[in-house]
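Colleague: I would like to learn how to read a fold. Please take me through this one step by step.

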Amino acid sequence: MFPTALSRKPPKQVSDPPKGPGAASAAPVFKQATLMSILSLQSLSLDYVEAGSRRKRRVLDNINLHIASDEFVVVIGRSGSGKTSLLNLAAGFTEPSEGRVLVDGREVDGPGADRAVVFQDDALYPWLTAAGNVAFPLKLRKVARAERQRRAEALLAKVGLDGSAHKNIWELSGGMRQRVGIARALASGPRFLLLDEPLGALDALTRSRMQKFLLDVWVESKTGALLITHSLDEALLLATRVVVLAPNPGRVVADIRTEFGRALLGGESVKDIKALSTFKSLHDELTALIHADEEEIAA
Ligand SMILES: Nc1ncnc2c1ncn2[C@@H]1O[C@H](COP(=O)(O)OP(=O)(O)OP(=O)(O)O)[C@@H](O)[C@H]1O
Ligand SMILES: [Mg+2]
């Protein structure tokens, strides 16, 4: 059951794509999807077999989540609630025990170019330069060398790394590496970007800058986003929808629309947004929900 106090936002029209500073300056660097896409997780359940006992343990139970390509959906929940398992199912890395994953009504049975994944550990190829990493998926798709070089450099410029195309990976900071990873994920024009705690390893200031950066990229690329985070502030600042997973087994206990990301895109400061009474009350409600049964467990 969704708490009624959290369900107060009217549904946004999916035909009304987000506007923001990035949208106004869109250049044809990101391969933009022209039609609305929907990523659907339908009645998904996942069981893991426990090592040793061979008993099945239900990790995710009856997840129903539909993500449109103009949405920024953030999933939050306690450690072990199944967030990464959920993202792995959406990416097609793991097969569900029950239910289906669909993109635009077509069932997917594995990873695909329509869904790009970014993890906390950037997993860039250390033997390639920044541009080489971004160009790599284009090489796999047999894009001509000059064109992939051009697109890689343009993508790097879009993520603020104009001068770093020829740098080695070990010459880049953590935030720069994550931006290379995101540029690489976007290189083949996915419909959805799936991000598992992509900013988790960054210091507070870099993380804050990267949050705004992610929003700008989302607006400009018109790529639907599914982001996993432990940070409730981050969830509220970025999301058009916040989804809360409760653990044992992982299940959706709230799915709410939020507008703070749009305020951030519109130029409001993080400080002012966090000072809003609506932000504070939603933060309190979600904190209570995320930690609902913790005391019982600890007792
Ligand atoms: N490959 C696996 N085999 C068996 N159990 C697993 C496997 N992967 C995850 N689990 C279990 O499934 C549950 C959910 O794990 P998952 O990694 O999805 O949680 P999470 O919400 O992402 O946690 P965190 O916030 O710590 O990253 C945990 O209890 C975990 O131990
Ligand atoms: Mg995880």
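Colleague: What share of the contacts in the protein with a separation of 6 or more comes from residues 24 or more positions apart?

Modeller: The share is 71%. Two residues are in contact if their C-beta atoms, placed from the backbone, lie within 7 Å. A caution on the source: this is a predicted model, where local features need pLDDT of at least 70, side-chain atom pairs count only at pLDDT 80 or more, and totals for chains, interfaces and linings use all residues. Residues are numbered from 1 along each chain as its sequence is written, while chains are lettered from A and ligands numbered from 1 in the order in which they are written.

Colleague: How many helices and strands are there in the protein?

Modeller: Eleven helices and ten strands. Both are DSSP runs numbered from the N terminus: helices are H or I with at least four residues, strands are E with at least two.

Colleague: How do I read a sheet? What is the order of the six strands?

Modeller: Strands of a sheet pair through backbone hydrogen bonds, either parallel or antiparallel. Here, two strands pair if DSSP finds at least two bridges between them. The six-stranded sheet is open, ordered β6-β7-β8-β3-β9-β10, with mixed pairing. Twist averages 15° from one strand to the next. Angles run from 0 to 180 degrees between N-to-C directions; axes are lines fitted to C-alpha atoms, for helices over the stretch in contact.

Colleague: Which strand runs parallel to β3 (residues 72–77), and what packs on the sheet?

Modeller: Strand β9 (residues 241–246) runs parallel to β3, joined by five bridges. Gly77 has Leu245 in β9 as its bridge partner. Helix α10 (residues 277–290) packs on this sheet and touches β3, β9 and β10. The direction of α10 makes about 25° with that of β9.

Colleague: What is the order of the open sheet of four strands?

Modeller: β2-β1-β4-β5, with antiparallel pairing. At the edges, β2 (56–68) and β5 (106–107) each pair on one side only. Five bridges join β1 (residues 38–49) to β4 (residues 98–103). Among the residues involved, Ser40 has Leu102 in β4 as its bridge partner. Helix α2 (residues 83–91) lies across β1, β2 and β4, at about 125° to β1.

Colleague: Now helices. Which residues of α4 are buried?

Modeller: An α-helix has 3.6 residues a turn, so residues three or four places apart point the same way. A residue is buried if 20 or more other C-beta atoms lie within 10 Å of its own, exposed if 12 or fewer, and partly exposed in between. In α4, the buried ones are Arg148, Arg151, Ala152, Glu153, Leu155, Leu156 and Lys158. They pack against α3 (130–140) and α5 (174–187). Just after α4, Gly160 takes a positive phi of about 80°. Across the protein, 41% of the 299 residues are buried.

Colleague: How do α4 and α5 cross?

Modeller: Two packed helices are described by the angle between their axes and the distance between the axes. The axes of α4 and α5 come within 9 Å and cross at roughly 130°. The two helices are therefore oblique to each other. Angles under 35 degrees count as roughly parallel, over 145 as roughly antiparallel, 65 to 115 as roughly perpendicular and the rest as oblique. At this crossing, Arg151, Ala152, Leu155 and Leu156 in α4 meet Ala183, Leu186 and Ala187 in α5.
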